[in-house]
Amino acid sequence: MTFLQHIFCTTIGRKFLMAVTGIVLIGFVVAHLVGNLQVFESPDRLNGYAHFLSSLGPVLWIERAGLLLCTVIHIWAAVVLTLESRRARGEQHDRTWIQATLASRYMRSTGFVVLAFIVYHLAQFTLGAAQAATYKENLPRYTMAGDYHVLGLTAVREGTVVPDVYSMVILGFQNTAVAVFYIVAVGLLALHLLHGAESLFQTLGWRNRRWSRGLRAVVTIACAAYFIGNLAIPGAVIAGILNPLPAAAASLRK
Amino acid sequence: MKNISVTLRVWRQAGPGQPGRFVDYPARDLNPAMSFLEMLDVVNDELTLKGEEPIAFAHDCREGICGTCSLVINGKPHGPRQGVASCQTYVRSFEDGQVITVEPYRLRPFPVVKDLVTDRSAFDKIQQAGGFITVRAGSAPNANAIPVPKDDAELAMDAAQCIGCGACAAACKNASAMLFVAARVSHLGLMPQGQAERDRRVLAMVQTADGLGFGSCTNQYECSAACPKLISHDFIARLNRDFIKASFKAAFRSEPNRVVGD
């Protein structure tokens with residue numbers, strides 16, 4: 001067997017692929033959240049950040065291609081492993097769980113909801129296919145009131161006219177159904193990660209009895225923090241703490 | 001303790017691939033000190049006297065070391081207690097009047113032979129694929145000629161406690177043989193004598209288990225909870241590490257020179 005066969009055609013190899021792609025995807029969702037929390041600082045920060053990301057050009061497309069590849073491999077491995085395991089299992093009439101955690105029993109269901117959420121999320125904020133009225137291209141442009149810095153370097157200059165992502169996000173979440181779906185989906189994503197983030201250590205062989213409790217505590221705290229961070233944005237919009245810029249709100253009223 | 005009476009809901013199946021069904025058998029006036037298998041013996045005596053076919057179940061040593069007994073009792077392999085085999089499960093673990101479901105292991109690689117008996121030769125095939133070491137036969141080697149760190153020896157003994165009963169694969173929702181493979185790979189891989197075949201062993205045993213139709217591990221640790229020898233799922237982490245390491249090593253290994261003129 002070649003290396004690729006070991007990794008792609010054995011159960012442990014596929015689990016290894018799920019763990020590695022899982023690490024990449026966890027890295028993405030955490031960085032994505034941290035970036036988006038700039039909504040609480042000022043419209044300038046979030047709009048500058050969004051403009052900086054979209055101005056990366058080829059780097060942005062390499063990142064998108066990498067994430068897509070990881071997502072495809074993660075889902076492919078999950079589907080293949082699940083089908084094989086189902087085939088291996090006979091029909092047991094009486095069945096009890098002994099110590100499997102709740103999160104581990106619902107990985108497939110939470111995974112499906114997260115996938116549906118990603119599709120809607122991209123349609124809403126990246127493509128403008130859903131909730132087109134409040135899509136950034138259909139809102140008045142925003143003029144930067146100050147410089148936006150990345151690593152101490154000026155990334156977006158004062159006075160640059162950029163899309164108003166700040167208002168798009170807030171107007172998008174003012175639709176209560178969307179905000180509730182978002183909160184439920186990120187809640188289930190946090191549950192998915194509660195098992196996934198702990199499980200990947202076992203798959204990579206970096207877990208033992210001595211530090212398993214510490215690992216579980218760290219993962220639980222991280223998942224709770226991730227959920228609270230994600231809850232904060234639509235929560236603050238529904239509570240009226242975050243409001244769209246007057247120009248964007250006025251353009252919708254016309 | 002007073003004697004109790006229970007109802008056994010037992011899976012009856014005439015032969016491999018034939019349809020089976022549950023049949024209820026009353027088991028009356030049982031001494032709480034009886035083992036689960038002794039209770040089945042008593043029920044079988046009654047069935048034989050009535051001229052009915054006795055319940056077929058696998059058993060041998062009846063002291064928890066051979067790994068032959070293999071019942072799924074109320075949905076858990078080897079019954080409600082932790083760290084014991086079916087033969088070490090006693091009537092005192094059940095309540096008077098309880099209905100007890102008794103099933104064979106239900107997984108594709110362990111087909112039912114009859115009633116509660118399954119064919120677990122798939123584990124032997126995994127063992128044959130790599131569960132051995134190569135040593136010089138002949139006179140016994142000097143004791144302690146090869147130094148073995150005490151902790152490694154203890155850990156290897158923990159893994160070597162595996163009796164190959166198959167409860168791990170039966171308890172797993174994916175019918176994965178990972179705990180068995182992990183125990184075998186670790187008990188040899190931890191010892192200096194097991195190093196020569198270490199990489200080949202882990203690759204061969206995992207591929208054989210996959211090929212026999214066992215499922216994959218989703219890290220729920222039902223296996224170690226059902227294991228009558230309480231083998232830790234830490235060995236599965238070790239197996240994963242060994243397998244990934246062996247795959248990378250195989251990919252970057254230098255090839256020896258070919259014989260001149262070959």
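Visitor: Which residue stands opposite Thr7(B) in S5(B)?

Guide: Val99(B) in S5(B) stands opposite Thr7(B). Please keep in mind that this is a predicted model, in which local features need pLDDT of at least 70 and side-chain atom pairs count only at pLDDT 80 or more, whereas totals for chains, interfaces and linings use all residues. Residues are numbered from 1 along each chain as its sequence is written, and chains are lettered from A and ligands numbered from 1 in the order in which they are written.

Visitor: What makes S1(B) and S5(B) a pair?

Guide: Two strands pair if DSSP finds at least two bridges between them, and S1(B) and strand S5 (residues 99–103) of chain B have four bridges, in the parallel sense. A strand here is a DSSP run of E with at least two residues, a helix is a run of H or I with at least four, and both are numbered from the N terminus.

Visitor: How do you know that S1(B) and S2(B) pair, and in which sense do they run?

Guide: Nine bridges join S1(B) to S2(B), and the two run antiparallel; within this pairing, Ala27(B) in S2(B) is the bridge partner of Val6(B). The two strands form a hairpin with six residues between them, and Gly17(B) in the turn has a positive phi of about 75°.

Visitor: Why are S2(B) and S4(B) called edge strands?

Guide: The five strands form an open sheet of mixed pairing, in the order S2-S1-S5-S3-S4 of chain B. Strand S2 (20–30) and strand S4 (76–77) each pair on one side only, and they are therefore the edge strands. S4(B) pairs with strand S3 (residues 72–73) of chain B in the antiparallel sense over two bridges, with Lys76(B) as the bridge partner of Ile73(B).

Visitor: Which strands does helix H1 of chain B touch as it packs on the sheet?

Guide: Helix H1 (residues 36–49) of chain B touches strand S1 (4–13), S2 and S3 of chain B, and its direction makes about 95° with that of S2(B). For such an angle, axes are lines fitted to C-alpha atoms, for helices over the stretch in contact, and the angle between N-to-C directions runs from 0 to 180 degrees.

Visitor: Why is H6(B) said to be largely enclosed by the rest of the structure?

Guide: A residue is buried if 20 or more other C-beta atoms, placed from the backbone, lie within 10 Å of its own, exposed if 12 or fewer do, and partly exposed in between. Ten of the 14 residues of H6(B) are buried, so this helix is largely enclosed by the rest of the structure; among them are Arg198(B), Val202(B), Met205(B) and Asp210(B).

Visitor: What do the buried residues of H6(B) pack against?

Guide: They pack against helix H1 (3–9) and helix H2 (11–36) of chain A, together with helix H2 (121–130), helix H5 (178–189) and helix H8 (234–251) of chain B. Two residues are in contact if their C-beta atoms, placed from the backbone, lie within 7 Å.

Visitor: How many residues does each chain bring to the contact between chain A and chain B?

Guide: The contact takes 35 residues from chain A and 42 residues from chain B. On the side of chain A that touches chain B, the largest share, six residues, comes from H2(A).

Visitor: Which residues touch the most other members of the largest nonpolar core?

Guide: A nonpolar core is a set of buried Ala, Val, Leu, Ile, Met, Phe, Trp, Tyr and Cys residues joined through C-beta atoms within 7 Å. Of the 115 residues in the largest one, Cys168(B), Leu179(B) and Val181(B) touch the most other members, while helix H8 (residues 176–203) of chain A gives the most to this core, with twelve residues. Leaving aside neighbours within four places in sequence, Leu179(B) is in contact with residues including Cys168(B), Cys223(B) and Ile236(B).

Visitor: Why is this core said to lie between the domains of chain B?

Guide: Domain bounds come from an automatic or database domain assignment, which for chain B gives domain 1 (4–113) and domain 2 (121–251). Both domains give residues to this core, so it lies between them. The centres of the two domains, taken over C-alpha atoms, are separated by 29 Å, and the contact takes 17 residues from domain 1 of chain B and 16 residues from domain 2 of chain B.
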